[in-house]
Amino acid sequence: MPLSRISRLVARVSLVAALGTLAATYERSCMACHGMRSAAPLTGHAESWRPRLAQGMDTLLQHTREGLRGMPAMGLCPDCGEQDFRDLITFMSTPR
Ligand code: HEC
């Protein structure tokens, strides 16, 4: 197999691994509230996220870190870092 093909495969495998970690974090911390209709914006539901996204990523990150009304500080993920929250917010707010 040519080397370029192998490195493409490796890149794809590590992307899957990264998504696996993100999915596990999402399921452990965010899904309980964001995975069903509730006061929390519903994952994958564009309408719920439109006004949230309009605030800009910095505000969303701040509210995730500090909490906002029914949204607990750090979203019940005390070991999440800024990049984890960015990835989770992108994942949750992407329409599907
Ligand atoms: C205990 C329930 C709960 C959990 C767990 C939770 N959320 Fe939330 N989240 C909410 C609620 C409720 C809101 C809506 C708050 C409001 O605007 O009144 C919200 C809103 C948000 C918003 C929008 C904030 C804004 O500025 O409009 C983001 C982003 C968010 N959550 C991210 C996350 C992430 C990431 C996780 C997991 C790490 C998470 N949440 C876990 C309940 C939860």
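Modeller: The model is a predicted one. In the protein chain the pLDDT averages 90, and 89% of the residues score at least 70. Confidence is highest in helix 3, at a mean of 98, and lowest in helix 1, at 80.

The contact in question joins helix 3, which spans residues 57–66, to helix 4, which spans residues 82–93. Their axes come within 10 Å and cross at roughly 115°. Angles of 65 to 115 degrees count as roughly perpendicular, and helix 3 and helix 4 are therefore described as roughly perpendicular to each other. Their crossing is right-handed. On the side of helix 3, the contact is made by Met57, Leu60, Leu61 and Thr64, and helix 4 contributes Glu82, Phe85, Arg86 and Ile89.

Helix 3 and helix 4, like helix 1 (3–34), each supply at least two residues of the shell around the ligand. Helix 1 gives the most, with five residues. There are 26 residues around the ligand, of which Cys30, Cys33, Gly70, Met71 and Gly75 come nearest. The shell divides into 16 nonpolar, eight polar and two charged residues.

Definitions and conventions
Residues numbered from 1 in each chain as written. Predicted model: local features only at pLDDT ≥ 70, side-chain atom pairs only at ≥ 80, totals over all residues. Axes fitted to C-alpha atoms, helices over the stretch in contact; angles between N-to-C directions. Helix = DSSP H or I, 4+ residues; strand = E, 2+ residues; numbered from the N terminus. Parallel < 35°, antiparallel > 145°, perpendicular 65-115°, else oblique. Left-handed = near helix turned anticlockwise from the far one by under 90°. Contact = placed C-beta atoms within 7 Å. Near = placed C-beta within 6 Å. Nonpolar A, V, L, I, M, F, W, Y, C, P; charged D, E, K, R; others polar. pLDDT = per-residue confidence, 0-100.
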